[in-house]
Structures are given as C-alpha cells and as structure tokens.
Amino acid sequence: MAKSHILIVEDEPEIAEILRDYLVKDGYYVSLLDNGDEAFSFIKKEKPVLILLDLMIPGMNGKTLCREIRKFSNVPILMITAKVNEIDRIVGLELGADDYICKPFSPREVVARVKAVLRRVAPDRQDHVLTGGLFRLNRDTHQVFVNDHELILTPSEFEILSVMLANPSRVFSRNSLIEQVQGYSYEGYERTIDFHIKNLRKKIYKYLPMKKIIQSAYGYGYKMVL
C-alpha cells in the first residue's frame, strides 16, 4: 500500500530532519523543502496529503503560501512557527490553515496531530452523504453544496460543518467541537474554533445572506439552525 505523502516546508534543517525522522518512523513518506516558491510548484505537481508549513521561510512566506494553496487545494495545512502572538495565529487560520503549532514543540505531539488530521479527512463510508435544509454534504468527495452552490472549505471547516449538520439544533460547546473535529484537545484551541466558525459563517453568508445558520450560544458554544 502506498505511503501517505507529507511535505515539510521548514528552513531550519535540524527541525525539518527531526520531524521527517519521526514521521518516516511512523510510516509516512516525507519530502523536505526550505523555500516557499519551490514549495508552491511542488504542491501543485506532487499533491501531498498534508503540509507542515513554517511561517518564516525564504521566498514566498508561509502566510502567502497558505493563501495561494487555498486557491486550488483543500490539503490540510499545519502551520509551524516560533511566533506566539495571537494575531499571527488568527491571521494564519483566516488564511486557511487547519492548525497552528508553536516552537518549541514535541515531535511526538506533531505526529499525533498529523494522525488526527489525516483520520478526520479520510472518507467515512457510514452516513457519507448528509442533507439538511439547503445543505448537502458528501464525506467521500469532501464537497458541500448550499442551495446548489459549492462551498470551498478547509478540512477543519468541513469537519465542523459535518458534525453540526448531523446534529441540527444541538448546542456544541467549544471543547466538544474540538474533541469531535480534531480528535485531541490542547490549551488555546477554543479560540481556534471561534475563527473556524467565523470563516464558515462568511462562506455560508455568500449564498444564504438572509439566514443565520450557525448561531452562538453565548458563554457556551454554537448550534446550527436549518
């Protein structure tokens, strides 16, 4: 069986090689690049299943590269950076990153997150088509249609919508969404859920401007009203 291909875009050789060694040991095929321009061409040609992307890389920087990737691909992107400023994390998520990992980190934690992301984007043969209101979601093809218009979603946005569409009107706490969508939880991720929800609302609003589909349960979480 072919190994899942992961691309690491990181200009610090020691970090890149440690991550590669851990991922290879876990059964993945890994490519290393240290330049954003080279990575852009590589991703279009090779189509890796997941990208570990450092923000501060030569050539096209990580934020720009993430934005450009999202114009043609929904491949999961995990951003890696030494920056811990919340504004940087927010910008990265708004550009379409699925997760944000701050240095220093445990390589084992990175591998665990990679596994969790790849598990949730794998096709689910049970209940592979969900419908509700004007929504139609196909887990096999990772497509969502709203009023016959396709929504272009990141993997995290897709999973959040999938969980909520399967349970209309149910109020989900942020922690509950984290566990069901990410498969793991860690400090600070509640804010990440908020920004994924913000992006989802924007995309849905484009086709359903008169309806507030994802509503806030203040002080608790969110629910989907069809």
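Lys115 is partly exposed, because its relative accessible area is 31%. In this predicted model, Lys115 forms a salt bridge with Asp26, and the closest N and O atoms of the two lie 2.9 Å apart. The bridge connects distant parts of the chain: Asp26 belongs to the loop between helix H1 (13-25) and strand E2 (29-33), while Lys115 lies in helix H5, 89 residues apart. Asp26 is likewise partly exposed, at 36% relative accessibility.

A search of the whole structure returned eleven salt bridges, the pair of Asp26 and Lys115 being one of them. Another joins the side chains of Glu109 and Arg113, with an N to O distance of 2.4 Å. Both residues are in helix H5, where they are four residues apart, or about one turn of the helix. Arg113 has a relative accessible area of 5% and is therefore buried, whereas Glu109, at 32%, is partly exposed.

A salt bridge also forms between Lys203 and Glu157, whose closest N and O atoms are 2.7 Å apart. This pair again links distant parts of the chain, with Lys203 in helix H8 (residues 189-205) and Glu157 in helix H6 (residues 155-165), 46 residues apart. Lys203 is partly exposed at 27%, but Glu157 has a relative accessibility of 2% and so counts as buried.

The search for aromatic pairs found one in the whole structure. Phe40 and Phe72 make up this pair, which is edge-to-face, with 5.8 Å from centre to centre and 80° between the planes. Phe40 is in helix H2 and Phe72 in the loop between helix H3 (62-69) and strand E4 (77-81), so placed that the pair links distant parts of the chain, 32 residues apart. Phe72 is partly exposed, at 35% relative accessibility.

Helix H2 (residues 36-46) also contains Glu38. Together with Asp11, Asp34 and Asp37, Glu38 forms a patch of negative charge on the surface. The relative accessibility of Glu38 is 46%, which makes this residue partly exposed.

Conventions
Residues numbered from 1 in each chain as written. Predicted model: local features only at pLDDT ≥ 70, side-chain atom pairs only at ≥ 80, totals over all residues. Heavy atoms only, no water. Patch = residues over 30% accessible without salt bridge, like charges linked within 9 Å, V, L, I, M, F, W, Y side chains within 5 Å. Areas by Shrake-Rupley, 256 points an atom, 1.4 Å probe, with all protein chains shown as cover. Salt bridge = Lys/Arg side-chain N within 4 Å of Asp/Glu carboxyl O. Lys, Arg positive; Asp, Glu negative; His and termini not counted. Charge placed at Lys NZ, Arg CZ, Asp CG, Glu CD. Helix = DSSP H or I, 4+ residues; strand = E, 2+ residues; numbered from the N terminus. Buried < 20%, exposed > 50% of the residue type's maximum accessible area, 1.4 Å probe, protein only. Phe/Tyr/Trp six-rings, centres within 6.5 Å; stacked < 30°, edge-to-face > 60°.
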